[in-house]
Amino acid sequence: MKKILVTGALGQIGSELTMRLRKEYGADNVIASSRRIKEGHEELIESGVFEVLDVVDGKQLSDVVRKHKINTIVHLAAVLSAVGEQNPAMAWDVNMNGLYNVLEVAREENCSVFTPSSIAAFGDSTPKDNTPQDTIQRPTTMYGVTKVAGELLCDYYYHKYGVDTRGVRYPGIISYETLPGGGTTDYAVHIYYDALKYKKYTSFIAKGTKMDMMYMPDALDAVIQLMEADPSKLIHRNAFNITAMSFEPEEIAAAIRKYIPEFELDYDVDPVRQAIAESWPNSLDDSAAREEWGWNPKYDLDSMTNDMLEKLKVKLG
Ligand code: AKB
């Protein structure tokens, strides 16, 4: 029986993954945690056990793991790319020391670990199109540096100590439940909100800039599928390329216009986030994930746009 600790449970992915894991494994078996309680997450906090936990504090983390007899850690707490460039020291501290603490407690308490990497683990010298699973990883952001180092550290704990570490390289995740905080791909979420509210969006990412993206239901399926995958079939572990679609701002605008014909898109490019986006792949090759654990996303740009607009309409009233 799995007893799961989720770190970063009130973030964009955590807030939906925690509820999904509670459905899948039982509310009592999924402990949610976050550095602080945030407004708007009352339902999640009340639907099971919640711990205030800062992953940078190794003692606090191991106390929580022991207290709840945790055997699986889903480690999501991290500083994303754009905020990481504003505050590289904080990104290093949270992303590296947080992960190190998670891996250490996993080694001591015999836990398995799922933690996501990102398309940010690639850089300018990586092949841009159909980016291979195993390729050059020389990122130019602090977030990317922590993601590559994190992949290596997770592999190290697997080979050296036998800790069952697994991860995916997430592309931009699009969802309506909780807003993303401080990423480069966030424009692809904000565009839906503004399309419904103002029928207009000003993009901080330039025309023609392609990035991989994925709708939240597929991102959640990926975690459960990979955690449940037969270990004997895994050639890779940290971390698998996964993607569901790749588009540039004009393409998402065109998909929105099928439902909101008067929607307008213009640009006010942010040089920092644009440089980050340009250093990332245009599209990933996710064949290793498909072959080793059956990755097969359900949503493309059109089906995601349809569902996003439906759900957001209800949410925004
Ligand atoms: C970001 O934009 O920083 C994240 C990511 C791709 O990891 N969404």
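This is a predicted model: local features need pLDDT of at least 70, side-chain atom pairs count only at pLDDT 80 or more; totals for chains, interfaces and linings use all residues.
I looked up which domains supply the shell around the ligand. Domain 1 (4–172 + 215–241) and domain 2 (174–213 + 245–316) both give residues to it, so the ligand lies between them.

**Ligand shell.** I listed the residues surrounding the ligand and got 13. The closest are Leu-80, Ser-81, Ser-118, Gly-183 and Thr-184. I then sorted the shell by residue class. It holds 7 nonpolar and 6 polar residues, and no charged ones.

I found an open sheet of 6 strands, ordered 3-2-1-4-5-7, with parallel pairing. Strand 3 (50–52) and strand 7 (165–166) are at the edges. Each has a single partner strand, so one side of each has no neighbour in the sheet.

I checked the partner of strand 7. Strand 5 (residues 112–114) pairs with strand 7 in the parallel sense, over 2 bridges. Val-113 stands opposite Thr-165 of strand 7. I also noted helix 5 (residues 88–109), which packs on this sheet and touches strand 4 (72–75) and strand 5. The direction of helix 5 makes about 175 degrees with that of strand 4.

**Helix 7.** Which residues of helix 7 (residues 187–198) are buried? I found Tyr-187, Ala-188, Val-189, Ile-191, Tyr-192 and Ala-195. I then looked for what covers them. The cover includes strand 9 (172–174), strand 10 (200–203) and strand 11 (211–215), along with helix 9 (249–257) and helix 12 (301–316). Last, I read the backbone just after helix 7. Lys-199 has a positive phi there, of about 55 degrees.

Notes: Residues are numbered from 1 along each chain as its sequence is written. A residue is near a molecule or strand if its C-beta atom, placed from the backbone, lies within 6 Å of it. Ala, Val, Leu, Ile, Met, Phe, Trp, Tyr, Cys and Pro count as nonpolar, Asp, Glu, Lys and Arg as charged, and the others, Gly among them, as polar. Domain bounds come from an automatic or database domain assignment. Two strands pair if DSSP finds at least two bridges between them. Helices (H or I, at least four residues) and strands (E, at least two) are DSSP runs, numbered from the N terminus. Two residues are in contact if their C-beta atoms, placed from the backbone, lie within 7 Å. Axes are lines fitted to C-alpha atoms, for helices over the stretch in contact, and angles run from 0 to 180 degrees between N-to-C directions. A residue is buried if 20 or more other C-beta atoms lie within 10 Å of its own, exposed if 12 or fewer, and partly exposed in between; C-beta atoms are placed from the backbone.
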